[in-house]
Amino acid sequence: MKIDRALVTRVAELANLKLTDGELTHYEAQMAKILGYVEQLSGLEDKLGKDWRSDTAGSSTPERPDNVQPSMAVDAVMAQAPASSGSVFQVPRIIE
Amino acid sequence: MSSETSLTPWSPTAAGIAHDVRAGNIAITDVAEHYIKRTETLHKGLNTHLQFDGNDVRRQAKAQQARLKSESATMPLAGVPIVVKDNICVSGVRTTCASKILENYTATYDATVINRLRAAGAVFFGKANCDEFAMGSSNENSAYGPVKNPWDLARVPGGSSGGSAAAVAADLAPVALGSDTGGSIRQPAAFCGIVGLKTTYGRVSRYGLVAFGSSLDQIGPMTRTVEDSALVFDVLAGFDPHDSTSLANGAAESSKLIAKMQSGKPDLKGMRVGIAKEFFEEGLDASTAKVVEAAIDEIKKLGASIKTVSLPHIKYSVATYYILATAEASANLARFDGIRYGYRAKDKSLSLKDLYRTTRAEGFGREVKQRIMLGTFALSSGYYDAYYAKANRARAMIAEDYRKAFSEVDLLVSPTAPTSAFKIGEKSNDPLAMYLSDICTIPVNLAGIPAISIPCGFDGAGLPVGLQLMAPLMGEEKLLTGAYAYEHATQWHRQRHPKIG
Amino acid sequence: MSMPPSGTASVTQKSGSASGAKSGDGVLDRYEPVIGLEVHCQLKTKTKLFCSCSTKFGVLPNHNTCPICLGHPGVLPVLNKEAVDYAIRLALALDAEIHETSVFARKQYFYPDLPKGYQITQYDLPYCTDGKLKLSSGTVVRIMRIHMEEDAGKNVHGEASSYVDLNRAGIPLLEIVTHADLRNPEDAADYLKRLRSLVRHLDICDGNLEEGSFRCDVNISIRKRGVEKFGTRCEIKNLNSFKNIERAIRYEIIRQADILDHGGTVTQQTMQFDAASGKTSAMRSKEESHDYRYFPEPDLRPLKITKTRIDAVREGLAELPEAMAKRFQAQFGLSEYDATVLTADRDFAHFFEAVVRRVNGSVSHKIVANWVTSEFLRELNVREWDVANPPVTADMLGELLELLGREVVSGRIAKTIFEEMVEKGGTAGSIVQRDGLTQISDVGAIRAVVSQVLSESTTQIEQYLLGKDKLFGFFVGQVMKKCEGKMNPGLVNDTLKEMLNARRAGG
C-alpha cells in the first residue's frame, strides 16, 4: 500500500483537518510506518467464508416505546453554543 | 506514605470506608475532608486532576450523609470517594476528555455509571487527567500536561487512564473510574501497582462515556484491592436502556463471593490456569518476565493447574485494533466541530469549510489527529475491504482463539504489559512502539472478554509489575475470586511508594 | 414552456432551452425518458428515531432537542419501536420482502444540520427490498428498497451567516427507492400520488409536500428509442408539488435531448427546479465527490424482524386504497372513477361512508357520491378544510341529503341550503324551518301556479305549440320564479306537460 502526499491530503480533506505542509509530511511518514505494520493482515487466511459479516449476529437491537420525554431546556442547549442568535446556532454562510 | 498507620484510623479501602460509615463509626463529611486535604496537597504535583472543587465535594458529602439514615441499606459505597476519568460525563461539571476542543464544555447530563454510583452513596472527587480522548498508553497525550507516576515522578503512569491510576496509587481516593479500549485501565493499573478491571463488553453501560472505539470501550473500576473492585463492579454492572449494546443479563453480585472467601484461606484448588505462549515471546522485558513467572509459581502453589495454550492469531491484534478502533473513533470524533459546543476557531472571517478544518486542527492534539487520519483512511472508498473488513475478520479469529482456549482452561494469565513504566518522553515520538506496548491487553478488547490487572511484584528498578488474568465472556466472578486468592496470599497491594504521603 | 400529454410527437417550446435554438420537435419520438423516483417519507411517530424528543411541528427552534439528537459527547441511540412498526406497514402495503436481519450504518459527511457528523441510516442490508406499486396506466413500478434513517436539521440562510435548527434532526424517515421503471412524467406523478395516498392510508405519514413530510427526488436520463443502454442520469431535488415534479421532468427531458441532439454528453449532476422559470439547473456542488465511508453502526445491534411481528402488524393494517376502491364499487355500486376519487384519501373515504350511514337509504349512493365529490369536495379544497374535521360534518351533509331524498326540498334548494351551511353554519333542518324552504308537493297548489303562468304566457304557448320545444324551460323557469324554487320540480314538469298537451289538444 503506497501512502503518498496525495492520499494523505485527501484523507485530511475527508476528516476536515487543516494541516500544514510540515504536518502532512509528518503524518505521511507515520501513516506509512503504521500501515506498513498493518500490512500483515493481508496475509491472514481465515475460514469464515466469503459471505461472513461481522454485523448480523446476536439478538435484536433494543427498542423503546414511542413516549415523549421532556427535551433539554433551550437555554441549556444554547448556553454551550460558541455562536448563536436567539435559539439557533450560528455558522458562516453556507454556500449551496 | 510508609504504612497504613499514617492514615486515619480506618482502612483506606472502599469496603472499609463504606463499612465504617454505615456502622456510624465515621461521618461521610469527615472522610471527605481527609481526602480533600490529601488531594489538594498532592494532585498538582502529579497532575492527576483536571477538575477538583473541594466545596462541591463537601456539598455531595453532606447530601450523602443526609441519605444515610433512611437509605443505608442501598448504599454499598456510602461515603466512598471516587475520582472520575475526564471522558465520563458528570452533569454540570466541565468534561474535557483532556482535549482543547472541549476545554469549555460542561456536561449536560450524568453518565449512567455516575447515576448508579451516586445512588450507591459515592462522593465524586473531581475529574482525572487522561490521554486525549482516551488515545494513548502513557498519559502524555493530554492537552493539559502529562501525569506523573507516584512510584517515580520521571515516569509515566500509563494510559490512557493515567490520572485515575496515579490518583489511586497516591491514595487521593480509594477508587477511580477509568475506561479501557485497548488496555487503558489495565496497563496504567500495572504501571502504578493497583487493581484495574475491564469488564465483559456490554456489562457496564457506555452511556455518558465519550466514545473512542464504540465496540471496544468499557468503563471500569481502578482500586487498591480486588474486593473494592468487586464492590464497585457490582454497582456498575447491569442492563441500561440508554445503551443498546449493554447486556440484558449483565447484573453482578461478585462481592458476595469475595465476602465468602474472607472467612477462610482462599486458594485456587481446581482452577485450571492457562498460559498463552504468545504473550511470553518477543518484546517482553526480562525483568518483568521474571516477576510474572514468580507470580505464576505462586498461583501453582495455591493449587491451580497450569497448562500451556496457544492463541495463534494474537499476533494480528495490534494491527487489527489500530484499524478498527481508529475507524470507529474517526466517526465518533466527527461531532467535534465547534458549532453546538466546545472550542471554535477564533477567526471570524473563516468560511464554513475553513471553520471546520481550523477548529478541528487547532482543537485536536497530534495523536488524535493521527488516529482520525488512520481511521478515515481505513473506511474510505477503495480501502474498506482491505482494511476495515479485513480487520473485522481477524477480530473474529482472535475471539475464536480465546473461545477455544477457554474450553480447556478457566483463566488465562499473562503480563499486563511487556515492561514496567517507561520514562516520560521515552516513547512519545514513536507511535508504533507505543502501540506495540499494548500487545498483551489489546486482544482482550477485541474478544470482548473480561480481564483484570493485579499487582504481582516489582521489577529490577523497583517499579510495579502487573499480572493480567483473563476469563471467558461473563466470567468476572471467576476473575475476581481468582485474583482475590492471589492477592490474599501475596499482599502486594499493601505496598506504597515511600515518597508519596 | 408547455408540453402536451405524452404520446404526442411535437413539443412546443418557448424561449429558454439549454441551447436556445432547437424547437424540441419530436423529442419523445426520438428519445425515451427513463425515470426512477426516491421519496423520503417523514414518519408521524410521536418521538424521534433514536431519542424521545417530540417530533411536533411548528415549535420554536431547538426546543425539541436533547443531548442525543444534538450529538453531545457520550450519547447513544436507542431505536423507536413504533417507527419499526410503521416501516413494516409500508413494506406490507407495497408487497415487499421484509428481511429478517437488517443493519444500521453510519453515513459520514460534515454539514451543520448533521450534528454527529454522520447520519444513522441503512446501507447494504436495508430492512426491505423488492416491492411493487401498480399505476393507473397499468405500469407496475418495482420498488428496489425501503430503509429507515434519521432526518437532518434545518439550515436557514442570512446574509453573512446561516442558522441551524435541530428540531428536525433525528425524526424518523423511510426512504423508498424505485427501479428506473417509469417512462413518462404522468406515470411519475401518478406513482407519487398513489404512494402519498398509501402512506396517509396507513397513517404513517402526513404526506405533506409543502411542509416537507413527503420529499420527492427524481432521477432521470434519456436514451435513443430502441437503444437498451441507459443514458447518464441527473437527479432533481427539492421538488415541492406534484405539478412542479411533472414540469421539472418535462423540462429536463428537453434539456437532455438538446444536449444529445447537439452531439454532447449529459453530465451527471444534481439539479434543482425553479418554479418561476420552469427550468432545472445544476445545484452548486454541495456534493463534490462524496465518500460517505459507510460502516455498520457499532452503537446499535442488528434489527431482527420476526414473522410473528410482521403478522401482528399485518393483522392491524388499515384497508389499503386499492382494496377500498374495489369495495366501494361493490358495496355502493359506484363507478371505478367515483370509487377512486373517494378512496384517494382515507379520511375522505370515511366521510363518504359516514354520510351514507346517515342518509340511511333515503338517497341513492350515487347521489351521495355526487354531492361528496362535487359540492363538498369543492368547498373542502377552496376553503382548505381538514377533511378529518370539516365544519360541515358528515352528519350535517347527511341530514341535508335525507331531506332531499324525502323530497322535502328540491335539488336546487338543497344546493342553496348547502351554500348557507358553508358560509354561515347551521343545520339543514333549521335553515329549512327558518326560511320556509319546504318543497311544495301539493298538486293543487302546483296546478294553480302553472295555470297562472300559462295564462300570462300566451305568446310563448303559441310558439311552443308551433314547435319551439325549448320554451318548455321558459315555463319551468317562470313557475320556479313564482314559487321561489320551492315547488317539486318533478311535479311541476308533469303538470306543465299535462296542461300544455291539453292545449295542444285544443283545451
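**Reading a predicted model: a dialogue**

Author: In this predicted model, β9(C) and β10(C) form a hairpin with three residues between them.

Reader: How many bridges join β9(C) to β10(C), and do the strands run parallel or antiparallel?

Author: The general idea is that strands of a sheet pair through backbone hydrogen bonds, either parallel or antiparallel. Here, four bridges link β9(C) with β10(C), and the two strands run antiparallel.

Reader: Which strands form the open sheet of chain C, and in what order?

Author: The order is β6-β5-β16 in chain C, three strands with antiparallel pairing. At the edges stand β6 (118-122) and β16 (295-296) of chain C; each has a single partner strand, so one side of each is left without a neighbour in the sheet. Strand β5 of chain C, residues 104-108, is joined to β16(C) by two bridges, again antiparallel. Within that pairing, R106(C) has F295(C) in β16(C) as its bridge partner.

Reader: Which strand of chain A is joined to β2(C)?

Author: Strand β1 of chain A, residues 63-64, is joined to β2(C) by two bridges, and these strands run parallel. R64(A) stands opposite N80(C) in β2(C).

Reader: How many residues of chain C are in contact with chain A?

Author: In general, the size of an interface is often given as the accessible area lost when the parts come together. For this model there is a count of residues instead: 43 residues of chain C are in contact with 31 residues of chain A. On the side of chain C that touches chain A, the elements giving two or more residues are β2 (79-80), α2 (81-93), β9 (154-157), β10 (161-165) and β17 (303-304) of chain C. The largest share, five residues, comes from β10(C).

Reader: What does the domain assignment of chain C give?

Author: The assignment gives domain 1 (27-304), domain 2 (321-435) and domain 3 (443-504) of chain C. The C-alpha centres of domain 1 and domain 2 of chain C lie 37 Å apart. Four residues of domain 1 of chain C are in contact with four residues of domain 2 of chain C. On the domain 1 side of that contact, one residue is nonpolar, two are polar and one is charged.

Reader: Which residues have the most contacts inside the largest nonpolar core?

Author: They are L77(B), I82(B) and V218(C), in a core of 265 residues. Helix α10 of chain B, residues 317-332, gives the most to this core, with 10 residues. A second, separate core has 38 residues, including V359(C), A369(C), W371(C) and V409(C).

Reader: Which residues does I82(B) touch?

Author: Leaving aside residues up to four places away in sequence, I82(B) touches L117(B), A122(B), F124(B), F125(B), A173(B), V175(B), A176(B) and L177(B).

Reader: How many residues of helix α5 of chain B are buried?

Author: A general point about helices comes before the count. An α-helix has 3.6 residues a turn, so residues three or four places apart point the same way. In helix α5 of chain B, residues 162-169, eight of the eight residues are buried. Among them are G162(B), S164(B), A166(B) and V168(B). The helix is followed by D171(B), whose phi is positive, near 55°.

Reader: Where is S160(B) found, and what kind of peptide bond joins G159(B) and S160(B)?

Author: S160(B) lies in the loop between β3 (123-128) and α5 of chain B. The bond joining G159(B) and S160(B) is a cis peptide bond, with omega about 10°.

Reader: Is A134(B) buried or exposed?

Author: The cut-off for a buried residue is 20 or more other C-beta atoms within 10 Å. A134(B) has 30 such atoms within 10 Å, so A134(B) is buried. This residue is found in the loop between β3 and α5 of chain B, and its phi is positive, near 65°, although A134(B) is a residue other than glycine. M474(B), which is not a glycine, also has a positive phi of about 65°. M474(B) is partly exposed, with 17 other C-beta atoms within 10 Å, and is found in the loop between β11 (464-470) and α16 (476-490) of chain B.

Reader: What is the mean pLDDT of chain B?

Author: The mean pLDDT of chain B is 94, and 97% of its residues reach 70 or more. Over residues 1-10 of chain B, however, the pLDDT is below 50; this stretch has 15 contacts in the model beyond near neighbours in sequence.

Technical notes: Residues numbered from 1 in each chain as written. Chains lettered and ligands numbered in written order. Predicted model: local features only at pLDDT ≥ 70, side-chain atom pairs only at ≥ 80, totals over all residues. Core = buried A, V, L, I, M, F, W, Y, C linked by C-beta atoms within 7 Å. Buried ≥ 20, exposed ≤ 12 C-beta atoms within 10 Å, placed from the backbone. Contact = placed C-beta atoms within 7 Å. pLDDT = per-residue confidence, 0-100. Pairing = 2+ DSSP bridges. Domains from an automatic or database assignment. Nonpolar A, V, L, I, M, F, W, Y, C, P; charged D, E, K, R; others polar.
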